[in-house]
Amino acid sequence: MAHSTSPDTSRTPDTEPAPEGRGCLFALSQPPLILFLTVIGGLLLITGLHDQFLL
């Protein structure tokens, strides 16, 4: 097998656009995450109210 001396031009980083940075607001706009955070927040609220008023 002979080794090729030509450079690999199939992956040139100059021609590919840089991926856009997605911040926290993009992550919070996802419905499954909002549902999960709502459930966790509701459980914390219920347990906090229970500890505060019923114990």
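Leu-25, Leu-28, Ile-34, Leu-35, Phe-36, Leu-37, Val-39, Ile-40, Leu-43 and Leu-44 make a nonpolar surface patch of about 980 Å². Its elements with two or more residues are helix H1 (24-28) and helix H2 (31-53). H2 gives the largest share, eight residues. Patch residues have over 30% relative accessible area and no salt bridge, and nonpolar side chains are joined within 5 Å. A salt bridge is a Lys or Arg side-chain nitrogen within 4 Å of an Asp or Glu carboxyl oxygen.

The model is predicted; local features need pLDDT of at least 70, and side-chain atom pairs pLDDT 80 or more, while totals use all residues. Numbering runs from 1 along each chain, and side-chain values use heavy atoms.

The protein has two helices and zero strands (DSSP runs of at least four and at least two residues, respectively). Of its 55 residues, 0% are buried (under 20% relative accessible area, 1.4 Å probe). Leu-35 lies in H2. Leu-35 counts as exposed (over 50%) because its relative accessibility is 57%. The accessible surface (Shrake-Rupley, 1.4 Å probe) is about 5,600 Å², with 68% from carbon and sulfur atoms.

Note on methods: Patches are made of residues with over 30% relative accessible area and no salt bridge: like charges are joined within 9 Å, nonpolar side chains (Val, Leu, Ile, Met, Phe, Trp, Tyr) within 5 Å.
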